[in-house]
Amino acid sequence: MDDQSVAQRVLDHIANGTTDTGDSVWHEPVANYRAPDRLQAELGVLRRAPTPFCPSAALPEVGSFVAREAAGVPLVVVRGTDGEVRAFRNACRHRGMQVASGSGCTRAFVCRYHGWTYNLEGALRHIPHEAGFPGFDKQAHPLVPVSAIERMGLVFVAQEAPALDGDPLGGLEWLIAPDQRLFATAERDFDVNWKIFLESFIEGYHIKSTHPESFLPYGFDNLNVIDLFGRNSRVTYPFKRIQKLATVPPAERRVDGLLTYVYHLFPNVLITVLSRHTNVVILEPLAVDRTRQLTYTLTNGGGDDPAALAEARRDAEFVGNTGALEDRAVVHAIQRGLASGANDHFTFGRYESAIVHFHRTLTTLLA
């Protein structure tokens, strides 16, 4: 999966008029996009999977926190006084009030209902008028922890045991580097099933039809390199200007600005590495027909260099105002089409092998 190997595979496809293909066709029942009991089962998988909750850059200092719902469960993730990241169920041990909301930086979590106070490591430190709770053991009532690990610039959370086996990042050498700066966050709800939304990111079979004026002039129709690793995948979308690498010795080839990588980290997170910026996209299912998209946007390096930040902003604005809008229109139309009764299943072909891998993996885990 190194850049030089990907570049050669792309150049070979250009020369031969080919693309990566999978080994099978998948038929996914339409009922699996519409049934509430199916969604509840999927949420169980999301809670057991080590899933990216936010990039490390969203927790830059001691006391930095992010609070939100993940797979329907309120959680808060915080960087402790020792620099370690911890995750807790976002509920006071008194009456269940959430102790944090949104994001920010704090010295302690104070419940707004009665003032019960927890330190950054989750320990209950203060109960106002504690005499009213005779025999209450503060040490036995910390914020309830869930598993959290920090790797490759991401914070992963697994809510329930037993967590899914395997390394969630097996096969990767890097994802988000320390010099990538977080410069934008966004949260928006869409009336679309989370899997329909996800599928739109991980195949290039639609480029010519969906993006004829935005992406196609710079890229290719149905030319992709697809890598599968563990439960995850990566789809490479090359730009036409990558052809200049044909005259560059293989060991000297650099792909920055010549392609887009889209990583799918199972089950519901996508990392899109574009020319000048990177998005961490989290798709949180809210209902069978509603999804919350959380997006963290980072520079592609450069640290605090203003020029790198300006380039990243321009790149993000172009992508957000063109291809992203076109993809959203498509997924909304698919969602509306579910009610037509025209299909009892969707067919994913050999050009859509990353989607096939996703559905096969999800089906196996549900079984």
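Colleague: Buried means under 20% relative accessible area, exposed means over 50%, and partly exposed is in between, using a 1.4 Å probe and protein chains only. Is Asn222 buried or exposed?

Modeller: Asn222 is buried, with a relative accessible area of 16%. Bear in mind that this is a predicted model, where local features need pLDDT of at least 70, side-chain atom pairs count only at pLDDT 80 or more, and totals for chains, interfaces and linings use all residues. Residues are numbered from 1 along each chain as its sequence is written, and side-chain values use heavy atoms, leaving out hydrogens and water.

Colleague: Where is Asn222 found, and what is its phi?

Modeller: Asn222 is in the loop between helix H4 (207–210) and strand S13 (225–229). Its phi is near 55 degrees, a positive value in a residue other than glycine. Helices (H or I, at least four residues) and strands (E, at least two) are DSSP runs, numbered from the N terminus.

Colleague: New topic: which residues does the cis peptide bond join?

Modeller: Phe266 and Pro267, with omega about 5 degrees. Pro267 lies in the loop between strand S15 (259–265) and strand S16 (269–273).

Colleague: What about helix H6, how far apart are its end C-alpha atoms?

Modeller: They are 21 Å apart, which agrees with the 21 Å that its 15 residues (323–337) should span at 1.5 Å a residue. The expected span is 1.5 Å times one less than the number of residues.

Colleague: Which residues in H6 are buried?

Modeller: Gly323, Asp327, Val331 and Gln335. Seen down the axis of H6, the buried residues fall within an arc of 105 degrees, so they line one face of the helix. That arc is taken over the directions from the helix axis to the C-beta atoms.

Colleague: What covers them?

Modeller: The cover includes helix H3 (194–199), H4 and helix H5 (306–321), where contact means heavy atoms within 4.5 Å.

Colleague: Last one: what order do the strands take in the open sheet?

Modeller: S7-S8-S9, three strands with antiparallel pairing. Strand S7 (109–110) and strand S9 (124–126) stand at the edges with a single partner strand each, so one side of each has no neighbour in the sheet. Two strands pair if DSSP finds at least two bridges between them, and S7 pairs with strand S8 (residues 117–118) over two bridges. Val110 stands opposite Thr117 in S8.
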